[in-house]
Structures are given as structure tokens and as C-alpha cells.
Amino acid sequence: MSSMDERELAEIRMIEDGLRKAYDGDAKGVVDVFSGLRDFAVQLIHLDLTAENEIDAKALIIAMGDIGRMAAEKRMEIASIASVRSLGEVAVEAANCKRESLALKALSGLGELALEFAGKGMDAVARNAAETLENLGKNSSEVKMEVLASLSETYLMQLARKAMDENLPETWAAAVNHLAGIGASSTGKEMENSSVGAAILLEELGTAAARKGNEPQVKVVIEALEKLGRELSRKDSKNALIQTVWALETLRVLAMEYGIETAVNAAKLALEALNTTGIPDEEQNLERFQEIKEFHRRILRKS
């Protein structure tokens with residue numbers, strides 16, 4: 001038997017072992033399996049780019065997601081967090097090695113698991129996933145992989161919406177702030193679209209909260225937008241800054257419409273704190289921001 005055949009057999013046995021231990025509720029055993037599967041996946045990332053290695057690595061990533069979902073079904077918090085950590089590490093390694101399809105697969109697996117955890121009310125695990133998504137988004141910005149950064153933002157937006165539906169305020173706030181964190185890191189000529197995208201998605205979340213009359217959530221979004229705007233202003237990222245200002249103005253008007261006075265005042269103060277001198281003209285921004293919204297829709301379909 002060749003070394004490749006031996007490795008593949010070891011992978012299959014480990015996947016079967018992970019599924020069995022997850023079914024049996026053996027949390028520690030599942031954690032150990034995730035560590036081994038992560039190591040196998042990282043090894044494949046560093047091998048030559050061949051169709052066989054690509055398929056093998058994707059199969060491992062899919063298996064990690066399957067085991068993670070079973071861990072969630074069994075409410076095994078430690079094992080679920082291990083699934084988040086392992087998929088996150090695989091995604092970062094793939095991004096650093098410019099293996100975009102594998103990074104995208106791992107990131108998508110993590111994003112879907114995050115929604116699964118929130119749907120099952122696993123607040124602590126969902127928050128851990130939100131933090132990992134932010135780290136992935138920031139890392140993707142550093143290596144100039146815009147699709148990955150934007151997909152991280154999109155999953156955080158979806159996680160926030162899920163947390164809103166499931167009444168998980170801590171997960172909701174974490175997702176909002178981690179989304180803003182990616183936007184603040186994605187500045188500069190090559191990555192500014194991700195900053196703009198973060199402001200657009202935050203506006204959507206704030207709008208949903210305002211329409212539900214949820215005062216605390218609207219204020220969390222306003223605070224996140226102000227922090228984002230301050231960082232964008234510091235880095236002279238004008239296009240993203242103007243979208244942030246527009247988002248704040250939209251939320252100010254909505255808060256006024258729905259009688260959320262504290263949010264109206266918070267938005268006013270945030271707007272006064274941000275300097276928009278020298279921003280591009282309105283028509284130019286509208287066209288670009290529509291393109292970025294379409295970009296988010298495309299990457300979500302791609303995932």
C-alpha cells in the first residue's frame with residue numbers, strides 16, 4: 001500500500017471515528033478527532049495543487065462540518081467549539097497559501113455551523129464562531145482576498161439575523177461588532193469594497209432592528225457604525241466613510257419614525273463626530289454601492 005493510500009485510509013477511519021464518537025456523545029473524543037482532521041487538511045493544503053488533493057481536502061472539510069453538526073445536535077459545547085476552531089484554522093491556512101477554493105469551503109462550513117449553533121440556542125458557541133469569522137475576515141483582508149473577507153461579513157450578518165430571531169442578544173451584539181471589525185480592517189485601495197460592504201450590512205441590521213422597535217439593538221448598530229466611521233476617517237477611506245454616514249442617517253430617520261428617541265440622539269452624535277470633507281459626489285457613490293451589494297449577493301451564491 002502506498003503512503004497516499006495509507007493516508008487516505010487513516011482519514012476515512014478518523015472521519016468514521018469522529019461520527020461515531022459524536023453520536024455516542026463522547027465530547028473529548030470528538031475534540032481529538034477534530035485536531036487530527038485539521039492536521040490532515042493542513043497537510044493537503046501544502047501538497048501540490050492537484051485535482052485529487054483538492055477533492056480530498058474538500059471531503060475532509062465537509063466531514064468536519066458534518067461532525068460539527070452532530071456535536072450541535074448532542075449539545076456538546078466543547079466539541080462544537082473545537083469544530084469552530086478547526087475549520088477556522090484550516091480556512092486561515094488555505095487563505096495564507098492562496099488556496100482560495102479550500103479557504104472558501106472551510107469558511108462556508110464554519111458560517112453554516114454558526115447559524116446552526118444560533119438556531120439551537122447555543123449562545124456561547126455561536127459567539128465563538130462570530131469571533132472566528134471576524135479573525136478570518138481580517139486575515140483575508142491582510143492577504144488581499146476580498147471574496148473571503150466579504151463572505152465573512154455576510155455570514156456575520158446572517159448570524160446576527162438568526163440571533164435576532166432566536167432572541168440571543170449577546171450573539172447578536174457580538175456578530176454586529178465583529179462585522180464592524182472586519183470593515184475597519186479592510187481599508188486601502190485594494191480592500192475598500194469590504195469596508196463599504198460592512199457598512200451596508202450594518203445598515204440592513206439596524207433597519208431590521210428599528211422596524212422591530214428594538215431600541216438596544218439599534219443603538220448597538222449605531223455605536224458599531226460610529227467606531228467603524230472613526231477608523232475609516234483615520235485611514236482616509238472616503239468611499240467607505242460616506243456609506244457609513246449614509247447608514248447612520250438612515251437609522252436616525254428610521255429611529256425618529258419609530259419613536260426611538262435615544263437612538264435618534266445617538267445617531268446625531270455619531271454623525272457629528274464623523275468628518276466627511278472631500279468625499280466623492282453622491283451619484284458616483286450610489287452606483288458603486290449598488291455594485292457592492294450585487295457583489296455580496298454573488299459571493300453568497302458562490303459559497
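A residue is called buried when its relative accessible area is under 20%, exposed when it is over 50%, and partly exposed in between, with a 1.4 Å probe and protein chains only. The model described here is predicted, so local features need pLDDT of at least 70 and side-chain atom pairs count only at pLDDT 80 or more, whereas totals for chains, interfaces and linings use all residues. Residues are numbered from 1 along each chain as its sequence is written, and side-chain values use heavy atoms, with hydrogens and water left out.

Helices are DSSP runs of H or I with at least four residues, numbered from the N terminus. The expected span of a helix is 1.5 Å times one less than its number of residues.

Gln 217 belongs to helix 10 and is buried, with a relative accessible area of 10%. Leaving aside residues up to four places away in sequence, Gln 217 touches Met 164, Trp 172 and Ala 209. Gly 197 is part of helix 9 (residues 192-211) and counts as buried, at 0% relative accessibility. Between Gly 197 and Ala 180 there are 9.9 Å from C-alpha to C-alpha, and the two are 17 residues apart in sequence.

**The nonpolar core**

A nonpolar core is a set of buried Ala, Val, Leu, Ile, Met, Phe, Trp, Tyr and Cys residues joined through side-chain atoms within 4.5 Å. The largest such core has 98 residues, and those with the most contacts inside it are Phe 117, Trp 172, Val 176, Leu 202, Val 221, Ile 222 and Leu 225. Helix 5 (residues 100-119) gives the most to this core, namely 11 residues. At least three core residues come from each of domain 1 (1-120) and domain 2 (152-302), the bounds being those of an automatic or database domain assignment. Leu 225 touches Ala 199, Leu 202, Thr 244, Ala 247, Leu 248 and Leu 251, not counting residues up to four places away in sequence.

**Helix 12**

Helix 12 (residues 261-273) has 13 residues and should span 18 Å at 1.5 Å a residue; its end C-alpha atoms are 19 Å apart, which agrees. Its buried residues are Ala 263, Val 264, Ala 267, Ala 270 and Leu 271. Seen down the axis of helix 12, these buried residues fall within an arc of 130°, so they line one face of the helix; the arc is that of the directions from the helix axis to the C-beta atoms. Leu 269 and Glu 272 are exposed on the other side of helix 12. The cover over the buried residues of helix 12 includes helix 10 (215-234) and helix 11 (238-257).

**Salt bridges**

A salt bridge is a side-chain nitrogen of Lys or Arg within 4 Å of a carboxyl oxygen of Asp or Glu. By this rule there are 16 salt bridges, including the three pairs tabulated here.

| Pair | N to O distance |
|---|---|
| Arg 127 and Asp 123 | 3.7 Å |
| Glu 170 and Arg 127 | 3.4 Å |
| Glu 231 and Arg 234 | 2.6 Å |

Arg 127 takes part in a salt bridge with Asp 123 and in another with Glu 170. Glu 170 lies in helix 8 (residues 169-185) and Arg 127 in helix 6, so their pair ties together parts that are 43 residues apart in sequence. Arg 127 and Asp 123, four residues apart in helix 6 (residues 123-142), are separated by about one helical turn. Asp 123 is buried at 19% relative accessibility, while Arg 127 is partly exposed at 30% and Glu 170 is partly exposed at 46%.

Glu 231 and Arg 234 both lie in helix 10, three residues apart, about one turn of the helix. Arg 234 is exposed, with a relative accessible area of 60%. Elsewhere, a network of salt bridges links Asp 17, Arg 20 and Lys 21.

Note on methods:
Helix = DSSP H or I, 4+ residues; strand = E, 2+ residues; numbered from the N terminus. Contact = heavy atoms within 4.5 Å.
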